[in-house]
Amino acid sequence: MARIGNKKKGFVKPITAKKQTNVDHVTGEKIPKSFVFSRGKLPGPLRQLQMDLRKLMLPYTALNLKEKKRNNLKDYLNVAGPMGVTHFLILSKTESAPYLRVARTPQGPTLTFKIHEYSLAVDIAQSQLRPRCPKDLFKNPPLIVLSGFGTGDQHLKLTTIMFQNIFPAIDINTVKLASCQRIVLLNYNKDTKLIDFRHYSIRLQPVGVTRRLRKFVQNHQVPDLRSLQDVSDFVTKAGYGSESEADDEAATVTLASDLGRVNQASTKSAVKLQEIGPRLTLQLIKVEEGLCSGGIIFSEYGGEKKQDNKSDRKKDQDNTGSDDEDESEDEDMGEDESEGQEVDEED
């Protein structure tokens, strides 16, 4: 009788999906994450602005967040907790103007901005002779620069804290230069009370090196020398935009480490900013204590105050045009007790 041997079963290691970490391994701080969504029906241009804002907030945002009509604010909040989402950017539209609310989850505060003007990323790219958008441009979060907010007003201090915490903090001693590819600039004009919101890409160019040589080193392509008498003409001849365009000392930095094949350590490089959009002109009109609800800390139409009763909040909403928003606005203010469907999210 043949003996049946015992076959050993091979161990198969289960495949687990790679999850984004919630803590920065360098600074040890919690990484801020965001949801960008809308309340109510938005026209086509504002829908595109919403997608532009999602790209701006990359990589720590839900780029393919799916929204449903019955979703209310509580649905987004229930999903935000397990996913480590710390901020909401909410777009809405009334008969008078579009609005952008920036809220800290789960308990606020909430800043409401009126959008006076905006330009989409595609419009800015079409207006440029050489638009620049590398594939890895959105691999790392942008830097944040605030200007003009140091007036001492409470609502401006809250605005500064909100935007400083909406992007991950950096450690200047350990940050890699290659990860600093984008910058978000907010400039406050105290005369007009408007905030200029700009989004730029950052690139470095070595000072004193012609554009021809830079392209040659970066592209690894054999240049066309048919029209030249000698190879030295390729180096010395000044072509279109060949010379460094920014030799100003104020716009140059000395690199501490190599950055690519062209920018070497201990050499001077010119800092170039190129706008990639979106572009917004905002006005802060209201600051609320809670998440789209609670006492009014600041109102542009009523000065700095604090209201706790519901009737006073209703009056302030009438002044700011919030009542003109769609029927889902009541859900945002925490007054609708009905439950909506779950929010679907794709990484």
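Cys292 sits in the loop that runs between β11 (279–288) and β12 (296–299). The model is a predicted one, so local features need pLDDT of at least 70 and side-chain atom pairs count only at pLDDT 80 or more, while totals for chains, interfaces and linings use all residues. Residues are numbered from 1 along each chain as its sequence is written, and side-chain values use heavy atoms, with hydrogens and water left out.

Back to Cys292: its phi is near 60°, a positive value in a residue other than glycine. That stands out because most residues other than glycine have a negative phi. Cys292 is also buried, at a relative accessible area of 0%; buried means under 20%, exposed over 50%, and partly exposed in between (1.4 Å probe, protein chains only). Cys180 counts as buried too, at 18% relative accessibility. As for disulfides (a pair of cysteine sulfur atoms within 2.5 Å), the count comes to 0.

One joins Leu58 and Pro59, with omega about 5°, and Pro59 belongs to the loop between α1 and β2 (64–66). Another runs from Thr105 to Pro106, with omega near 0°; Pro106 is in the loop between β4 (98–104) and β5 (110–119).

Zooming out, the protein chain has 8 helices and 14 strands, and 40% of its 347 residues are buried. Among contacts (heavy atoms within 4.5 Å) with a separation of 6 or more, 67% are between residues 24 or more positions apart.

Next, the nonpolar cores, meaning sets of buried Ala, Val, Leu, Ile, Met, Phe, Trp, Tyr and Cys residues joined through side-chain atoms within 4.5 Å. The largest one has 32 residues, and Leu49, Val102, Phe113 and Phe197 touch the most other members. With neighbours within four places in sequence set aside, Phe197 is in contact with residues including Leu56, Phe163, Leu186, Pro278 and Arg279. Apart from this core lies another, of 14 residues, including Phe37, Leu65, Tyr76 and Leu291.

Helix α2 (residues 73–83) has Leu73, Asp75, Tyr76, Val79 and Ala80 as its buried residues. Seen down the axis of α2, these fall within an arc of 155°, so they line one face of the helix; the arc is taken over the directions from the helix axis to the C-beta atoms. The face turned away from that buried side carries the exposed Asn78, Gly81 and Pro82. Just after α2, Gly84 takes a positive phi of about 75°.

Terms used: Helix = DSSP H or I, 4+ residues; strand = E, 2+ residues; numbered from the N terminus.
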